[in-house]
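Visitor: I have a structure to look through today. Could you walk me through it?

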Amino acid sequence: MKLIFEISEEGKRCATIRKPQIKSAKLNEKYLRKTELDLPEVSEVDFSRHYTALSRRAFGVDNGFYPLGSCTMKYNPKINEEVAGLEGFTRIHPLQSEKTVQGCMEVMHTLSSYLAEITGMDAVTLQPNAGAHGEYTGLCLIAAYHAARKDFKRTKVIVPDSAHGTNPASAVMAGFEIINVPSDEEKGVDLEALKKVVGDDTAALMLTNPTTLGLFEKNIKEISKIIHKAGGLLYYDGANLNAVMGVVRPGDMGFDVVHLNLHKTFSTPHGGGGPGSGPVGCKKELAAFLPDPRVEKTDKGYKFVESKQSIGKVASFYGNFGVYVRALAYIVALGAEGIKAAAQHAVLNANYLKVNIEDLYPTEKGRHCMHEFVVSMQELKDKTGVSAMEIAKTMIDRGYHPPTMYFPLIIHEALMFEPTETETKQTLDEVIKALREIYEEAFKDPEYMKSAPHHAQIGRPDEVKAARTPVVRYQK
Amino acid sequence: MKVLYRESHEWVAIDGKKAKVGISDHAQKELGDLVFINLPEVGAEVKAGETLCDVESVKAVSDLYAPVTGKVVAVNEELEGAPELINQDAMKAWICEIEVESVPDDLMDEEAYKKFIKG
Amino acid sequence: MADYLSCTERETKEMLERIGVKSLDDLFEDIPADLKLKKLNLPAGKSQQETMEYMTELSKKNKVFDIILRGAGSYDHYIPSMVKNLSSRSEFITAYTPYQAEMSQGILQAIFEYQSMICDLTGLDVSNASVYNGANAAAEAMLMCLERNRKTLVTFDNIRPDTLKVLKTYASRRGITVKVLSCKDGVADLALLKKELCETTAGVYIEQPNYFGLIEDAEEIGKLAHEAQAKFVMGCNPIALGLLKSPAECGADIAVGDAQPLGLPMAFGGPYVGFMACTSKEMRKLPGRIVGETTDHDGNRAYVLTLQAREQHIRREKAFSNICSNQAYCALVASMYLSAMGPVGLKEVAEACTDYAHYFAGLLEKEGLGRKHKGEFFHEFVTESEIPADKILRALEREGILGGLKLNAHEILWCTTETLKKEDLDRAAEIIRRVK
């Protein structure tokens, strides 16, 4: 389809504003732009058709099955969009006086306290704008904690080899060196290897639990002991909290700092890649270091407070407020029981999908998975030449979004399925049937699969060309 | 001039005090289509076995290690806009030139390297 | 209670049987029993209707002002109805990052169009798919400037306080010095800047217009930065770019800013969207996702996420930035806004903003609130007066007008946009006249 620039015609107008009633500014010529703007000029009907056409070439949870592992593509309730759009939330300036924004502050305070309860933490900041941003913030807290104790030699953060790529990248941004630890045979942290690398230079261990393989880290208590005995802190990457919320809390597992992803676990929409929101919770020993400002409840209403020991600000104003409104509406609707039920059904759906395909799509044996599981297509590839990617592309032809591919890095030809709790049994049964057929197809007609997808918006794109000779903007 | 290889698949062609460095044809095939070469800085002091620079394919980054100790005196700027030259002829597409200070003794000659990649 | 599950009890039972366990709890056997939680201490769930009532009540505890004369980083602009309407399509809202190009051409093309518009506004070659907000965009730009021996960012005390705070947070953990110079009559002091620039300066960061609404002599600042071989980073208000010289025309290497004024509501500070653009020379250091054009195997035009080897999911600890999620949805809204307004509309909005500001500054001067600075300004300006700022702002607030932002006891930072009418400004001035 055409770019909006390609349907542009000089002189066309779409939105218009009131004719100015006054003309009083005369800015110095030297400050004014000399190059003409080349923005699109379209009529309202052009506009509507263009964006409708784009939306029809997008695929969201509302379009169909979206088992993108680690991203928790659960249903985004419509009521959340409506409440976030209420004028009393959208037309509020962030720098209004406190007494005129008590509702916004109550949203922030209530959500923070609910998240603290769900994670078993003592204090929560909502400010970080996404998961990786939360990681960065959490690690800054850890740095500030050690520094406040004059424990300056703690410069290293330990990261398992199965971790999300953001973990090591965030730790480096927060000024730490990275120590990688391998996984053991059960795909958990190798305890012996961990013991070897911890020491008086350990600032923290970053862990996802359930791990990125969708398995609960059984040795969590032992890991917590090893890290804390060495004087380090335990960091919880909350990307996979959806599996265990209401069942077990990071705080009770021994974690000191946690980040969450409201756009994963708490049903706020992903919007094509954002906005997210990455609240950070911590134990009381670290609370003084949280970003400024925090909302406090007093007898005279809600107040913004700052801490002398705060790490400062990590984002403008108070973070992605509109996302908090949606997350609060979600938690309020579910309540204590609903939160737990969501986790239980996320795990139920993943296990149901797993048992019905694992004879063909091999995964970790003998254990129940949590909310997601990782299969390795190495054997199929050896036999037929059909790779994990080609399975994924064939799923597109059948109208399903593929799972996460080639992650975690420690599994060859990995596909990571996360159906989430909001998927119906009927859909899962259809997907099971489709996946079993796709597997058969790999033997019958591997060549056809290697050029999949055949019925998508486009055929397979030339990514080498895109990267070698980048064209990243429209030019006439 | 002699050509030696590292286990990490870099080649080095030593000619007196100067040595040109590239990646082996085997490495090129393993990496697939290269899309960018992060050339080292001219003037950088490098130690044998330490990271020299990296090369990018669409979905991966691979570090290259310095096969010898010395100072980078030139880089092959041709590769900046045309990383595919490495895919076309890896032995010809040198990445940088190093003024050699010392050569470690763990480098392999062509025969030994061929044996090594056969495993 | 709503739970958004769609599994009946019978189905649950069937599924458990197929898995080979008796109960849902059996699926969690890997979790040590003593760690398991008895019950969350949260209220019971609410029906949809009750949730709606609860959230509506909360929203009513906020005061919505009819007339807004406050900016300082969050701006009340007219949002075209087609932008609101088309952006609310659930295909856009419920999609994720377009990892699978073959079924995400709509999202990818939307980002490509956004990138193209940001390039057009800034005059620069490359834009990313957006970052969290303007302050974070500035911080990421600071990291782009770093070189082995250049670790100082020079800026002035007339940039947005939030941006400065975020810059300092990001700098503190990386051994970067943020040197904050004093401005002179509200604008960058060029003589001082020249003196401070040296061989360890990585970059110079200014905002256009600056926090006080004043227009900086960006070209001169850029020249000084480049003489010291430092990078020049401009933080810009995108509406002002409809009128003012583009960052490229001012010699900027990197342009950043918050695109909130382009169709996003103030929403108590977020979600907003940080834009980042740079020259092609800096492209490989640009953080975050970038969409590129290519072809599919039949030669059809196609869009993909490209230059991914820069990013954390591949480069891990060696990545320039940890950013993963962006603000794609907000970027979509911003690009819709620019399409709806077009070049003529954007310029009209920019002119209306600055015209009202100049008119209002004149009115305030008559009431004894003279401008503090001499320099030229866009749509924000600072007044000083004998009358306490609190008294003025309280009087306006009583009449449903959100006045400017109090900077100190006697100084106020005002802002006007095209949402205002001449009568609104006359009325505000009239209310102020009565405060004495």
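Predicted model: local features only at pLDDT ≥ 70, side-chain atom pairs only at ≥ 80, totals over all residues.

Visitor: How far apart do the C-alpha centres of domain 1 of chain C and domain 2 of chain C lie?
Guide: Residues are numbered from 1 along each chain as its sequence is written, while chains are lettered from A and ligands numbered from 1 in the order in which they are written. Chain C is divided into domain 1 (67–78 + 342–434) and domain 2 (81–336), with bounds from an automatic or database domain assignment. The separation of their C-alpha centres is 28 Å.

Visitor: Which element gives the most to the side of domain 1 of chain C that touches domain 2 of chain C?
Guide: Here 24 residues of domain 1 of chain C are in contact with 18 residues of domain 2 of chain C (C-beta atoms, placed from the backbone, within 7 Å). Helices (H or I, at least four residues) and strands (E, at least two) are DSSP runs, numbered from the N terminus. With 7 residues, the top contributor on the domain 1 side is helix 11 of chain C.

Visitor: Is C:Ser127 buried or exposed?
Guide: C:Ser127 sits in strand 2 (residues 126–127) of chain C, and its contacts include A:Arg473 and C:Phe275. A residue is buried if 20 or more other C-beta atoms, placed from the backbone, lie within 10 Å of its own, exposed if 12 or fewer, and partly exposed in between. Because C:Ser127 has 29 C-beta neighbours inside 10 Å, it counts as buried.

Technical notes. Contact = placed C-beta atoms within 7 Å. Lists of a residue's contacts leave out its neighbours within four places in sequence.
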